[in-house]
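Please examine the following model with attention to its charged side chains. The explanation below considers how they are placed and paired.

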Amino acid sequence: MATAAEPRPAELPLPGGREGAKVKLHPILTATVGGPPAWFLREEGRMAWRKGLGLGVPKDQWLKSPIQCFLVEHPGAGPMLIDTGFHASVAVKPRSNLGTFGTVIYRDIDMRPEQAAVAQLRARGIEHSSLRTVVMTHLHPDHASAIADYPEATFLVSSAEWEAAANGGQRDGYVKRQFDHGFDYRLIDFDSQAANSFAGFGRAFDVFGDGSVRVVFTPGHTLGHMSVVLQTAKGEVLVAGDAIFMHRTLEDDHLPFLLADEHLFRRSLREIRQYRKETPDALIIPGHDWEAWQKLDASY
């Protein structure tokens, strides 16, 4: 399907790499939402779909979920983001940004406009125009809502994710007006021969050529989902995105309610487990685990 954007193949590594580079990682909370437990950890049975959607589930049993993104400061390439979190307009008029279907999925939104990542970056002395790179784990609204805030950036998206999003709609979890801009999108083809394996992951790319930032292919939640491995001064970090909503999925195979492809999700889950086995000291950050979020440091 035609889009205003004309994405081009990514040419990696991007400029700015430095031998032995370590990055600084700053988790950013842009909002919280609420959802029924079975949305994050699905139940089985004929009527389980009702619980997954929260029908008949008392609100006092719902779980709190972070809407997060991550500032990464690279010593040579400068500041970059992993995902964008919610746009400031979600705090005022959610439907204008998330669409009608999005307001059904993202409920009990708790957000102030100043929580938007662009405002939090400005408070750190980082203007949006200085952000060179944004790595998108995928293009669902809770991750892509604020793409429009960074028109000067280069966005890295997997080619499989771009195809799914460009040809999908709200019922597939995408709001096209969030990402359908004439911005600099660069597509990463994990099916190409240039992809390498890395620490349990079958397909990976070194973004800056110095080992500090790697993207790894973890489809299943969406058909083109990718996660990010970072080398920080405090150790290695895997920003898993929605490859795992909660740590419990990693521990006991308890899957979330909706998946684009369950087979791919389970395969990605096995790769994350292998990564954890090979890198036992790494910090693994799931996509929507409030308890895990509260345990994160302000920076790494």
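Is K234 buried or exposed? In this predicted model, K234 counts as exposed, because its relative accessibility is 56%. The side chain of K234 forms a salt bridge with that of D297, with N and O 3.5 Å apart. K234 belongs to the loop between β12 (226–232) and β13 (235–241), whereas D297 lies in the segment after α11 (290–294), so this pair ties together parts that are 63 residues apart in sequence. D297 itself is partly exposed, at 36% relative accessibility.

The whole structure contains 15 salt bridges. One of them joins E262 to R266, whose closest N and O atoms are 3.2 Å apart. Both residues lie in helix α10 (residues 262–278), and because they are 4 residues apart there, about one helical turn separates them. E262 is partly exposed, with a relative accessible area of 30%, and R266 is partly exposed at 30% relative accessibility. The two residues also take part in a network of salt bridges that links R42, E44, D253, E262, R266 and R273.

Another salt bridge connects R186 with D184, at 2.7 Å from N to O. Here R186 counts as buried, since its relative accessibility is 18%, while D184, at 21%, counts as partly exposed.

R214 presents another case. This residue is located in strand β11 (residues 213–217). R214 is buried but has no salt bridge. The nearest side chain of opposite charge, that of D206, is 4.1 Å away, and a salt bridge requires the nitrogen and oxygen to be within 4 Å. A polar atom of the R214 side chain does, however, lie 3.4 Å from the backbone oxygen of G211. Beyond its neighbours within four places in sequence, R214 is in contact with F198, F205, D206, S227, V228 and V229.

Methods:
Residues numbered from 1 in each chain as written. Predicted model: local features only at pLDDT ≥ 70, side-chain atom pairs only at ≥ 80, totals over all residues. Heavy atoms only, no water. Helix = DSSP H or I, 4+ residues; strand = E, 2+ residues; numbered from the N terminus. Buried < 20%, exposed > 50% of the residue type's maximum accessible area, 1.4 Å probe, protein only. Lys, Arg positive; Asp, Glu negative; His and termini not counted. Polar contact = N/O pair within 3.5 Å; in protein donor to acceptor, adjacent residues only side chain to side chain. Contact = heavy atoms within 4.5 Å.
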